[in-house]
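I opened the model to look up a few local features. My notes follow in the order in which I checked them.

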Amino acid sequence: MAIEYGDGTDSNTGRVVQVVTSFSGSVYSFSASNSGWNDSGFSGQITPKDNNNKILVICHLGKVHNNGNSSQWLIRRDIGGTTTDIGVGTSTGNRPASTMSSYGTGGINSDHALSVHGTVLDNPTTTSAITYKIYCWPEDNGTGYINRQSNDANNAHPYRARTGSSIVMMEIAV
């Protein structure tokens, strides 16, 4: 039941309608097949209850690596095969637009990795299923990783830890 406020608004606006979480502790490894965006294989899906509502997408990649080089990361919305990149900067000239970025540690260090985070308020205007996919553009067409670093030796060292990653999708009433 909505609460009516003195200014004419009510508690329906801004209310969380549903929360869907996609969590994975699996390792994702993908080779750059071209000099551009590559599907990492990690995704989450939500079906909005009202086409006027917004989706708050919170992406946390616990550990990312690209053979010690930098990578760009992207959240791509897919509705029935129609894709839109969300939360990206403005691309000018030959510069790509991305949602998140990870700075490489250099070719001499394949052990240390970073985590990346992105939060986007999306306005998909649909009640169809939406898949939010994570894409990566590894520098020098390297191999990208999620939840591990490129040097994956099996020993008990803190930087060998495997991590989890998540995509939280919250439908927000408008």
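In which sense do strands β5 and β6 pair, and over how many bridges? I noted first that this is a predicted model. I found that β5, residues 71-79, and β6, residues 82-86, pair in the antiparallel sense, over five bridges. Opposite I86 of β6 I found I75. The hairpin of β5 and β6 has two residues between the strands, and there I read a positive phi near 60° for G80.

Aromatic pairs came next. I searched the whole structure and got three of them. I wrote down two.

The pair of Y28 and F42 is tilted, with 5.5 Å centre to centre and 50° between the planes. This pair links distant parts of the chain: Y28 belongs to strand β2 (residues 28-31) and F42 to strand β3 (residues 38-46), 14 residues apart. Y28 counts as buried because its relative accessible area is 16%, under the 20% cut-off. F42 is also buried, at 2%.

The pair of F30 and W73 is edge-to-face, with 6.3 Å centre to centre and 90° between the planes. Here too distant parts of the chain are linked, F30 lying in strand β2 and W73 in strand β5, 43 residues apart. I found both F30 and W73 buried.

I also looked for a charge over a ring. The charged end of R76 sits over the ring of Y135, at 4.2 Å from the ring centre.

Then cysteines. How many disulfides does the structure hold? I counted zero. C59 is in no disulfide, and the nearest cysteine sulfur, that of C136, is 12 Å away.

Last, I172. I located I172 in strand β11, residues 165-172. Is I172 buried or exposed? I172 is buried, since its relative accessible area is 18% and the limit is 20%. Leaving out residues up to four places away in sequence, I listed its contacts as G14, R15, V16, V17, N53, K54 and L56. I also took the C-alpha separation of I172 and P48, which is 9.3 Å for residues 124 apart along the chain.

Methods. Residues are numbered from 1 along each chain as its sequence is written. This is a predicted model: local features need pLDDT of at least 70, side-chain atom pairs count only at pLDDT 80 or more; totals for chains, interfaces and linings use all residues. Side-chain values use heavy atoms; hydrogens and water are left out. Two strands pair if DSSP finds at least two bridges between them. Helices (H or I, at least four residues) and strands (E, at least two) are DSSP runs, numbered from the N terminus. Buried means under 20% relative accessible area, exposed over 50%, partly exposed in between (1.4 Å probe, protein chains only). Contact means heavy atoms within 4.5 Å. A disulfide is a pair of cysteine sulfur atoms within 2.5 Å. Rings of Phe, Tyr and Trp (its six-membered ring) pair if their centres lie within 6.5 Å; planes under 30 degrees apart count as stacked, over 60 as edge-to-face and the rest as tilted. A charge sits over a ring if NZ of Lys or CZ of Arg is within 6 Å of the ring centre and within 35 degrees of the ring normal.
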